[in-house]
Structures are given as structure tokens and as C-alpha cells.
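Subject: Structure for your review

Dear colleague,

I am handing over the structure we spoke about, and below it you will find notes on what was found. Please read them with the coordinates open beside you.

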Amino acid sequence: MPAKYHIQTHPEPPRHKPIGKYCIIDWREDCSACHNCVKRECAYSVYNDERDRLQHIAEDYVEYLYECKGCLCCVQSCTKGLLTQQVNPEYLAMGDDVWTADIISSTWFQAETGKIPVSGAGYPGPFRGPGFDSILTDMSEIVRPTRDGIHGREYISTHVDVGRKPMKLEFNADGTLKTDFPTQVEIPLPVIFNMMPWHSPSAKVSQAILDAANELGTFVITDDPMLTANDAAMPHISKDAKSEPAISRLAQWNDCPGVMDKIKAAKSSNPSLVAIVRLPLESVGRAVELVKAGADGLHAYADWEGAAGNGKHISIAVRDLHHALIAAGVRDQVTLFASGGISLAEHVIKTLLCGADAICVDVPLMIALECRVCKNCTQGIKCPIGLADVDHDYAVHRIVNLMGAWHSQMLEMMGAMGIREARRLRGEAGRAMFFDDLERDCFAPVFGKRVEVK
């Protein structure tokens, strides 16, 4: 059994005041200064040293907005009803329908602390939504003693293998292995860092991402020739590129006519190279062709909001591709990466349950560095947080913290589902319930077809 994989996190405060969700309005003029003031009972110590903090500049007041967890204990318990909770309008304006303000705020917290986010108000939303929210995980089996916690005695592995696998093993008469076993690369997380969907990050940020990947033991897909010498670099070879990745362990090619000939040429000088072909998620037939032609892995991508080219959500498109590879009898031979719209740790698990071996993550890395997904950079407008000029150590710590929090959440989910190996998550649909399938097969025959109320 390999040594336990653990990500060491360190608190890394934000460079800018985070945009908080909740605002507590305090009508102080009617306060009777009760000796048992509810502010002393705040479970999150939001009001600690309140008077001293408010004597300083107004910026400190913003910290209240960030620290309040919305448990409403103070609002409900104040004997004179002086406290009122409001939602910050600036918070609601962040992000879009996919990269919501809650996801951005949650990612900031994880990047700052390296801890699993909690909410004092519980889960306030519906139990079914679009995309990943239509998948429920079956947490009916626990593999570890609850007193141990997620880093206790029970070993839960998040390692996955990248590379082509033989369908059978053959042995010589003397017992030695006859099968020519292809090169495989093991990564401790089912996560690889992807190229950014809208533009390349600055040299500082790119170097920080590489160093974070080195610390985590994973890889970074990069098309910058200046960075490909890094141990964590996974060169991206465009269809017009003339050079070959001579020293890399992993490399990615854009799908194009003759791509397998290019991979063959690259492997002639670097036999241990693991070659991944990047193609649209909806190109199911082409994916089967590439696997039969000898591709070690596939990187099937959706857009950065999680929509495949045929309009399907990444979760559905990955299931279609996984089932097509099974039908062709080649699924076990290839490593399948999926990317696009993956913003939370639970999305990693759900993508694997749909059939991927691992995922490629992009936008959350920028959000970890306090990106607000305002998309100013796509229009040539100045970044409000100066993302290009971040300090190197700050960026590395924030990205490592985010992956540390994701790793802890993956362990929690796998433990609750009774799965000790991330490799076993691939296509394990028995541990998931797809609401659309449940509705069609179970609810519709009894209650009829659901009608959307506008």
C-alpha cells in the first residue's frame, strides 16, 4: 500500500477585501446594552472586538460581511429586534448562472484556509437543479470509523493511472511477463490543471501554477514553450506545431488529421511518453477511432460553462462517451479526461461517476487567486484585482489550499459512498442517482410528465 497522500495547507489571506454575502444591519440607537447581548454568543466570533475594529477605517467593516455565515442566531435572539440580515447586492452581481456568487465565494474561502466550507444556515436551495445538481450521490455506506475523520486509519486513495492499459496479460513459460506493458503515470489526485479558457495567464501566474502542481504531484497543460522543461508541464501540441515533446512524461495533441502519425513520431524519440489527444466531448465516433488507433488517453472538453458542442451538459456527454467506448470494447484501454464547467470538488466525483478517469480544472485556479469572473480581461479592460501581478508564494499557497480542500471533500464523499479507491469511481453509476432518470422511470408513470412553471 502506498503512503497516504496528504496536502499540507497554510492559511493565505486575500490581497483584497472579499465581497461578502450577508450584511447585518445594526440599529444601535435603540440598543439597551444588555448584559447578555446576543453578539457574545456568535458561534463564528463575528462580533469579537467589534468596538475596536469599527474605530478604524471603514474598510474593516467589510470584514463583517465576509465573516457572517448567515446562521441568523443574532437576528432571532436580539430581545429588541435591532439586528436585520440583508444580502449584499454587490455579491449578487458576481459571476453568472454557472459560476455563481456562492461558488466564487466558496472557492475564495477554500483557497484562503484550505478547509471544507461550512454554512451556519445549512443548505437553503432546492434539492434538484440543472447540470451537476441533477445528480445525487448515494452515501448509504461508510468505510471508515466515524471517530477517525477523513484522515484517520482507513486508507482512501485518490490516486489514478494515466496511460494505455493492456486488455490481458501473457506470461512466458518461465513465469516472466510476456506482454509489453505500456508506460503509465500515476497522479495522486484525479485532477490536472488545464489551460485557461479565455486567455493565457501571465508568466508569474503560469510559473506559480506549475510550482503548485509540482507540490501536489500533478501536471499542468501548457502551450508555452518556455515552460515545457518543468517536471510538472504537460505540453499541448497544436495541429500546426513542428516540435515534439522530447523530455515530457505526458503530452497532449489537438485532434487533427494525421494526429496518430505525429504521436508515433514523438514516441520514436521518447518511447515512455504518454500521449493524450484533445477533442470535443461530443465527438464520440472519433474518440472510438483514436482509441482503436492506439491513443493512450483522451481529453474530451466542453466549454468553460460545461456545455458540449451538441448542447448537452458535460455530465451527460461524458456518460454518452463512456458508454460508447464500452460498446466498442475499448473503454478499459484508455484514460479519459473531461473538462469544462467543473467548479467544485463534488463535480470531480460526479464527473468520475459519469465515466471519466480524471478531470482537468481551469477557472477555479483563477478564482483561487481572487478572480471575480467579471470577464473584464476578455474585453481588454483592466483587471480589478491585478491578477497578473500576484506574488508567487501567495499564488502557490492559494492553489495548494484549494486542492487541499477539494481533496478533503473527495475523501468525505468517497468514504460516505463506501469507495476506497478513486479508480473505482469511474462509471460507478450505482453510487449515483440521476434525477432525470428517476423522474422518467419512477415518478412519470405515477404522477405524469413534469410541467415547468414559469
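**Cysteines**

The sulfur of Cys34 has its closest cysteine sulfur in Cys31, at 6.4 Å, which is too far for a bond. Please keep in mind throughout that this is a predicted model. A disulfide would need the two sulfur atoms within 2.5 Å, and the structure holds zero disulfides.

Strand β11, which spans residues 297-301, is largely enclosed by the rest of the structure, since four of its five residues are buried. Strand β10 (residues 274-280) runs parallel to β11 and is joined to it by five bridges, with Pro280 standing opposite Tyr301 of β11. Between these two strands the chain passes through helix α8 (residues 284-293), and this β-α-β crossover is right-handed.

Strand β12 (residues 335-339) also pairs with β11 in the parallel sense, over five bridges, and here Tyr301 has Ser339 as its bridge partner. The chain gets from β11 to β12 through helix α9 (residues 314-327), in a β-α-β crossover that is right-handed.

**Helix α10**

Helix α10, covering residues 345-354, is mostly covered, with nine of its 10 residues buried. The buried residues include His347 and Lys350, as well as Val348, Ile349, Leu352 and Leu353. After the helix comes Gly355, whose phi is positive, near 135°.

**Salt bridges**

Arg423 and Glu186 meet through their side chains, at 2.7 Å from N to O. Because Arg423 lies in the loop between α12 (392-417) and β14 (432-434) while Glu186 belongs to strand β5, this pair ties together parts that are 237 residues apart in sequence. Arg423 is partly exposed, at a relative accessible area of 33%, and Glu186 is likewise partly exposed, at 44%. Both residues belong to a network of salt bridges that also links Asp161 and Glu421.

The side chains of Arg286 and Asp255 form a salt bridge at 2.9 Å, N to O. Arg286 lies in helix α8 and Asp255 in the loop between β9 (250-254) and α7 (259-269), so the pair ties together parts that are 31 residues apart in sequence. Helix α8 is also the helix through which the chain crosses from β10 to β11. Arg286 counts as partly exposed at 27% relative accessibility, and Asp255 is partly exposed with a relative accessible area of 25%.

In the salt bridge between Arg426 and Asp332, the closest N and O atoms are 2.6 Å apart. This pair links distant parts of the chain, 94 residues apart, with Arg426 in the loop between α12 and β14 and Asp332 in the loop between α9 and β12. Arg426 counts as partly exposed at 25% relative accessibility, and Asp332 is partly exposed, with a relative accessible area of 41%.

**A nonpolar surface patch**

On the surface, Leu169, Phe171, Leu177 and Phe181 form a nonpolar patch, and together they have about 400 Å² of accessible area. Of this group, Leu177 is placed in the loop between β4 (160-162) and β5 (185-187), and Leu177 is partly exposed, with a relative accessible area of 40%.

With best regards

Methods: Residues are numbered from 1 along each chain as its sequence is written. This is a predicted model: local features need pLDDT of at least 70, side-chain atom pairs count only at pLDDT 80 or more; totals for chains, interfaces and linings use all residues. Side-chain values use heavy atoms; hydrogens and water are left out. Buried means under 20% relative accessible area, exposed over 50%, partly exposed in between (1.4 Å probe, protein chains only). Two strands pair if DSSP finds at least two bridges between them. A crossover is right-handed if, with the strands pointing away from the viewer, the path from the first strand over the helix to the second runs clockwise. Patches are made of residues with over 30% relative accessible area and no salt bridge: like charges are joined within 9 Å, nonpolar side chains (Val, Leu, Ile, Met, Phe, Trp, Tyr) within 5 Å. Accessible areas come from the Shrake-Rupley method with a 1.4 Å probe; for residues, only the protein chains shown count as cover. A salt bridge is a side-chain nitrogen of Lys or Arg within 4 Å of a carboxyl oxygen of Asp or Glu.
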